[in-house]
Amino acid sequence: MAPVANHTGDKPLTDADYVRLAEFRHTLRSFLNFSESAASRIGLTGQQYQALLVVRATPVSSERTVSELARQLLIKHHSAVGLVDRLADQEFLVRKPSREDARKVELRLTTKGTRVLGRLADMHRHE
């Protein structure tokens, strides 16, 4: 099979490159499948787990806002609002007035959210 030229002007991809790409895609999909299943067993969606992870991973010195969550999850702002609403209803996170800008609301994990995220993150680390 002849190598196919790519759009970057680099060397054409080889058969071995395609094998590595396919293996990477499979490994990534396997991990995402694991992640969705692990979250589901605890009563969360994969996206809810990712949202909790983003809130926890954002440094205290940075903004933990709905806008930042939307940016990190690559979703629209209104979708992030709905996600935050559901997580707040389940008491996994709370909204607090921003310490720096009264017009903004920061997201913070609750004790319950921290506990559940810790269990899931530990499972993910082992996987």
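**View 1. A nonpolar surface patch that includes Phe 24.** Phe 24, Leu 28, Phe 31 and Leu 32 together make a nonpolar surface patch of about 360 Å². Patches are built from residues with over 30% relative accessible area and no salt bridge, with nonpolar side chains (Val, Leu, Ile, Met, Phe, Trp, Tyr) joined within 5 Å and like charges within 9 Å. Areas come from the Shrake-Rupley method with a 1.4 Å probe, and for residues only the protein chains shown count as cover. Phe 24 sits in helix α1 (residues 15-42), and its 55% relative accessibility makes it exposed. Here, exposed means over 50% relative accessible area, buried under 20%, and partly exposed in between (1.4 Å probe, protein chains only). Keep in mind that this is a predicted model, in which local features need pLDDT of at least 70 and side-chain atom pairs count only at pLDDT 80 or more, while totals for chains, interfaces and linings use all residues. Residues are numbered from 1 along each chain as its sequence is written, and side-chain values use heavy atoms, with hydrogens and water left out.

**View 2. Helix α5 and its buried face.** Gly 113, Val 116, Leu 117, Leu 120 and His 124 are the buried residues to look for in α5. They fall within an arc of 100° seen down the helix axis, so they line one face of the helix; the arc is taken over directions from the axis to the C-beta atoms. Their cover includes α1, α2 (46-57) and β2 (105-109), where helices (H or I, at least four residues) and strands (E, at least two) are DSSP runs numbered from the N terminus. On the face turned away from the buried side, you will find the exposed residues Thr 111, Arg 125 and His 126.

View 3. Asp 122 and Arg 125 join side chains in a salt bridge, 2.5 Å from N to O. The term needs a side-chain nitrogen of Lys or Arg within 4 Å of a carboxyl oxygen of Asp or Glu. The two residues are three apart in helix α5, which means about one helical turn separates them. Asp 122 is partly exposed at 29%, whereas Arg 125 is exposed at 64%.

**View 4. Arg 99 and its contacts.** Arg 99 lies in the loop between β1 (93-97) and β2 and is exposed at 53% relative accessibility. Beyond its neighbours within four places in sequence, Arg 99 contacts Val 60, Glu 106 and Arg 108, contact being heavy atoms within 4.5 Å. Glu 106 and Arg 108 themselves form a salt bridge (3.2 Å, N to O).
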